[in-house]
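I opened this entry to record what I looked up, item by item. The notes follow the order in which I went through the chains.

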Amino acid sequence: MIKMLNVIAVFIAVIMAACVHVNAVEMNEEEYARLKNRLTSEFMQKLKDEIKHELIAELKSEYTIEPKQKQEVQQKSQAVPAQPAVQTQTSDYQETQKTPVALQEEPTEENALEVDTVNYKLGEGLTFKEQMLSIRGFGNVDARYSDKDVGESINQGSAFFSLGEFDLFITSKLSNRISFFSETVFEFESTGEIATDIERLLIHYDINSLLKADVGKIHTPIGYWNRFYHHGRWLQTTVDRPEILKFEDDGGPLPAHSTGIQLSGIAMFEGFDLNYIFSFSNGRGVDTNHQQNSVDLNDEKAFCFQLEALPHSIVEGLRFGPTIYYDVIPEDETNPNRANEIRELIYGGHIVYLVKNVELLVEAFEINHDEFSGDVFNTFGGYAQCAYAISKFKPYYRYDYINYDRKDPFYSESEFDFLDTNTHTVGLRYDLSQFNALKCEVSHGVFDDEDVNIIRLQTAFSF
Amino acid sequence: MKYFSVILIALFLFVVAFVTDACANVAVIVNKSNPASDVSYNNLKHILEVKKQRWDNGEKITLVFKPITSNETQFLINKLYKIRSENFYQYWMLKSYNNEISEYPKMTESLSGVITLVSKIPGAVCFIGIDEIAQCGDNIKVIRVNGKMPGEDGYPLINKEK
């Protein structure tokens, strides 16, 4: 009985073991199938995602301008795993100060920033990196109302809108010490024509801080305004330039442009700096608007010298200095009243104080014309301007004064009316954005004993 | 009395924390290859105003700035340039327009960008916080100003408004 029971027990055990084995094999196959399905679906999903990303990247590269180097960098950074943090001594300072040693990545090509070849940035313009060629510009649109028409420069109606100057300036670095600079202005004449003036065109040699040379057409280094504000109306606080510093083609009495050589430099001392600028140029033509860019009608050359002190240890932001200009203006053979050459001697000076919110500009000039026949004519003019910035607002005031010698043939025989001027201007500049300013000003002036009130509005911008 | 002591200690710690944070040194960093190890405050001002455009070895100086909103750049604008921060771009545009510079200074958004530029450009100079020096690489060194290192007594570039 017991034997029989043992046999039965062994038989049951064998059957159970066989069943367990069979079940086990069956379960493994099921699991294998499930696993296979899961892996296949995951693989397919991954493949789909990868194809999708590649397609998107391809489409993006077709429709966006991405520098080649940057794409290479991206590819490299994807291919190469991130470098392990490297323990390094970072500087002399750290060695002396025993500061904790830094944990950081080595700077590599992967994180190089200068990869662009063409770049546009507001305020810096369009830049082509190879030669550092950059194109920038200024423009302005004005509106003006005056209650009287007086003089050539303001007798073009009493109320009108006006396209101002469209100024393009191009700079290019030709080598480490040589650069090119040009400023071209498109002006909209009252006749409807568009005049194109090359206002500056020069090559600049940066020898050292004591000596820099500019060769070409420059802004004559007379005073401060003519050296710094040029044609970009957005840069200056007021709507217009001071009366004494108007450009030649606007009826200005001073030679604002010259063609020749300019040498300049700065001597830096512990408490103050000394700037000097010397120019040697063709000088003026037969009348105030005649700029001698390609020839000189006489052999006499014009000289201009300006010395400027910047005593920053005494008063930060203060600069002042004298200017002297000498030229011989050629005779005008077509005009009997201008039969003689004129020796021109201009001397003047400026005091400028610019610190944070405060702007103070004062300039004065004496223009001496000696006709060689014994007649000497003196014209005196200048301006004083102050402004104080409060947030985006900048209220300002300017006083302009010019007293012409009415007998001076150089001015009296000119195409412009040179009027004695005594003007007060009050205005407000509002910087609407970083590169756009709105200006509104009211002027009360006496032009040759005639009272005139003028309202000017301007939107000036840079791009 | 116990509460009073706790309040006093808390107040003391707050004042200490405020004072130490209120005066932060601004460090001047240059490329390691730059032989300059010391610069006077006056020279530094000339460098920032681009009156001095070359190092003594003739290398062109390249100014690198942290973002205009950073404490260090704000410090430079207020204390060294003495202009309004709104006029910072106008300042450089005027420099370019007057042909005083042929290239704008570089401004990067991140410290890693500053480090990359300074370590790659031999004549680069940048101004960073003293606490950021530790993150600079092998190719960058901190230079003395008026013979002083950041943190030393008499160091002139102290941002009191931080």
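I started with the largest nonpolar core of this predicted model. I find 32 residues in this core, and those with the most contacts inside it are Ile29(B), Val64(B), Val118(B), Ala124(B) and Cys126(B). I then listed the elements of chain B that each give two or more residues to this core: strands E1 (24-31), E3 (62-65), E5 (124-129) and E6 (140-145), and helices H3 (71-81) and H5 (111-120).

I took Val64(B) as a case and set aside its neighbours within four places in sequence. Val64(B) is in contact with Pro105(B), Lys106(B), Thr108(B), Val114(B), Leu117(B), Val118(B), Ala124(B), Val125(B) and Cys126(B). I also noted a second, separate core of 29 residues, which includes Trp225(A), Phe247(A), Cys304(A) and Ile402(A).

Next, helix H4 of chain B. I looked up which residues of H4 (88-97) are buried: Phe88(B), Gln90(B), Met93(B), Ser96(B) and Tyr97(B). I asked what covers the buried residues of H4(B). The cover includes strands E6 (159-173) and E20 (450-462) of chain A, together with H3 of chain B. I keep the general rule beside this: an α-helix has 3.6 residues a turn, so residues three or four places apart point the same way.

After H4(B) comes Asn99(B). I read its phi as near 60°, a positive value in a residue other than glycine. Asn99(B) lies in the loop between H4 and strand E4 (106-107) of chain B. Is Asn99(B) buried or exposed? I count it as buried because 22 other C-beta atoms lie within 10 Å, and the cut-off for buried is 20 or more.

I checked Asn146(B) as well: it has a positive phi of about 55° although it is not a glycine. I place Asn146(B) in the loop between E6 and strand E7 (158-159) of chain B. Asn146(B) is partly exposed, with 16 other C-beta atoms within 10 Å.

Then chain A. I get five helices and 20 strands for its secondary structure. Buried residues make up 30% of the 463 residues in chain A. Of the contacts in chain A with a separation of 6 or more, 53% are between residues 24 or more positions apart.

I followed one run of strands in chain A. Strand E12 (302-310) and strand E13 (318-329) run antiparallel and are joined by five bridges. Cys304(A) has Tyr325(A) in E13(A) as its bridge partner. E13(A) is also joined to strand E14 (342-355) by 12 bridges, again antiparallel. Val328(A) stands opposite Arg343(A) in E14(A).

I looked at Glu189(A), which sits in the loop between strand E7 (178-188) and strand E8 (194-208) of chain A. Glu189(A) is exposed, since 9 other C-beta atoms lie within 10 Å, where the cut-off for exposed is 12 or fewer. I also took the C-alpha separation of Glu189(A) and Tyr32(A), which are 157 residues apart along the chain, and it comes to 88 Å.

Last, confidence. The mean pLDDT of chain A is 80, and 75% of its residues reach 70 or more. I note that pLDDT is below 50 over residues 22-26 of chain A, a stretch with zero contacts in the model beyond near neighbours in sequence. Over residues 61-115 of chain A the pLDDT stays under 50 too, but here I find 70 contacts in the model beyond four places in sequence.

Note on methods: Residues are numbered from 1 along each chain as its sequence is written. Chains are lettered from A and ligands numbered from 1 in the order in which they are written. This is a predicted model: local features need pLDDT of at least 70, side-chain atom pairs count only at pLDDT 80 or more; totals for chains, interfaces and linings use all residues. A nonpolar core is a set of buried Ala, Val, Leu, Ile, Met, Phe, Trp, Tyr and Cys residues joined through C-beta atoms within 7 Å. Helices (H or I, at least four residues) and strands (E, at least two) are DSSP runs, numbered from the N terminus. Two residues are in contact if their C-beta atoms, placed from the backbone, lie within 7 Å. pLDDT is the predictor's confidence in each residue, from 0 to 100. Two strands pair if DSSP finds at least two bridges between them.
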